[in-house]
Every structure is written in structure tokens, then in C-alpha cells.
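Colleague: I would like to learn how to read a protein model. Could you take me through one?

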Amino acid sequence: MPNDDAPPQTLTIDGASVHDIASLYAEINRVFMTGEDWQLGASLDALDDMLYGGYGALRGKAPVLVLWRDMHISRSALGIEATRAYYLDKLQHPQRFKPGPIRASLERLGQGGPTYFDLVLEVFAGHPNITLRAEDSLGQTRLE
């Protein structure tokens, strides 16, 4: 029987390692996919599925604390320019992605809409067993 008083598992994302979308997923794989012989692809849907647990570092619905060190670096790296490039790349593959919703996302981005970083935070927020906390490189909690 699990101990409800046990502290949550703690995982740490190194935000300084994130300089684009590909490196975000490399860091996600390093942290979450331990012990697996496959890697998570660069996909928000895949990230969402992985956070439900069942493999890698997440086994089930146990509470997890994710410390995102140097989150401000990741926020900058996954900002407007990275997000625009992400959507423009999707437009190059109309057989895989519907252009209408992609163009609408680009328009929203131009009006202050969510960046890729914001979308990642939304995915994490959809998992109530996971607490996400920003920290600086000295381990001090930051307000992001």
C-alpha cells in the first residue's frame, strides 16, 4: 500500500539546456524517459501522453514535483521566434497538418498569443499530480 505521507518524487529540468524545441525534448527525455529504450518525439501531444505516466520516471498517478531550473532561459528560447518557426514548419507539410488552424495560431501569436513555452506549461498544468516549480541555478524558487 503506498504511503500517502511520502514526499513527491522530484525531477529536475535543466532550463539552461533548452535553446530550441528539439533541445527541450532532449531534456524531457533525459529527465522523464529513464530506463526506456525509446525516446519521446517533439510533440505537445506526446508530452501530454507521457505526463499521464506509466513508463520512464512517471509510474502511475503518484505526486511528482518538477523543478525547472533556469526556467527563464527556456522561456526565452521557446518564445515568439521559436514558436513562429514551429508553425511555419508545419505549414510546409499540409498533408500532415491542416493549414487553417496553423495560420490562426500564427495570427494569435502575432497578437500576443501563446508561445511554445506557454503551450508546454499548459500541458503540464493539465496534470494535477504534477507540481511545476521554477528555480534559478542556485536552487532558489523564482516567480516566473
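This is a predicted model: local features need pLDDT of at least 70, side-chain atom pairs count only at pLDDT 80 or more; totals for chains, interfaces and linings use all residues.

Colleague: How many helices and strands are in the protein?

Modeller: Helices (H or I, at least four residues) and strands (E, at least two) are DSSP runs, numbered from the N terminus. The protein has 6 helices and 3 strands. Read from the N terminus, their order is β-α-α-β-α-α-α-α-β.

Colleague: What radius of gyration does the protein have, and what would a compact globule have?

Modeller: The radius is taken over C-alpha atoms, and the globule rule is 2.2 Å times the number of residues to the power 0.38. For 144 residues the rule gives a value near 15 Å, and the protein agrees with its 16 Å. Along the principal axes, the C-alpha atoms fill a box of roughly 50 × 35 × 25 Å.

Colleague: What percentage of the residues is buried?

Modeller: Buried means under 20% relative accessible area, exposed over 50%, and partly exposed in between (1.4 Å probe, protein chains only). Here 40% of the 144 residues are buried.

Colleague: What do contacts say about the chain?

Modeller: A contact means heavy atoms within 4.5 Å. Among contacts with a separation of 6 or more, 62% are between residues 24 or more positions apart.

Colleague: Which residues of helix H6 are buried?

Modeller: An α-helix has 3.6 residues a turn, so residues three or four places apart point the same way. In H6 (residues 116-125), the buried residues are Tyr116, Phe117, Leu119, Val120, Val123 and Phe124. They lie on the same side of H6 because they cover an arc of only 160 degrees around the axis; the arc is that of the directions from the helix axis to the C-beta atoms. Glu122 and Ala125 are exposed, on the face turned away from the buried side.

Colleague: Is isoleucine 13 buried or exposed?

Modeller: Isoleucine 13, in strand E1 (residues 9-14), has a relative accessible area of 0%, so it counts as buried. Leaving aside neighbours within four places in sequence, its contacts include Ile28, Val31, Trp68 and Phe124. Phe124 is also one of the buried residues of H6.

Colleague: What is the phi of aspartate 70?

Modeller: Most residues other than glycine have a negative phi. Aspartate 70 is not a glycine, yet its phi is positive, about 55 degrees. This residue sits in the loop between strand E2 (64-69) and helix H3 (71-77), and its relative accessible area of 10% makes it buried.

Colleague: Where is threonine 115?

Modeller: Threonine 115 is in the loop between helix H5 (99-110) and H6. It is buried, at 11% relative accessibility. Beyond neighbours within four places in sequence, it is in contact with Leu78, Gly79, Ile80, Thr83 and Leu109.

Colleague: And which residues are in contact with threonine 131?

Modeller: Threonine 131 belongs to strand E3 (residues 130-135). With a relative accessible area of 42%, it is partly exposed. Apart from neighbours within four places in sequence, it is in contact with Val64, Leu65 and Val66. Between threonine 131 and leucine 78 the C-alpha distance is 21 Å, at 53 residues apart in sequence.

Terms used:
Residues are numbered from 1 along each chain as its sequence is written. Side-chain values use heavy atoms; hydrogens and water are left out.
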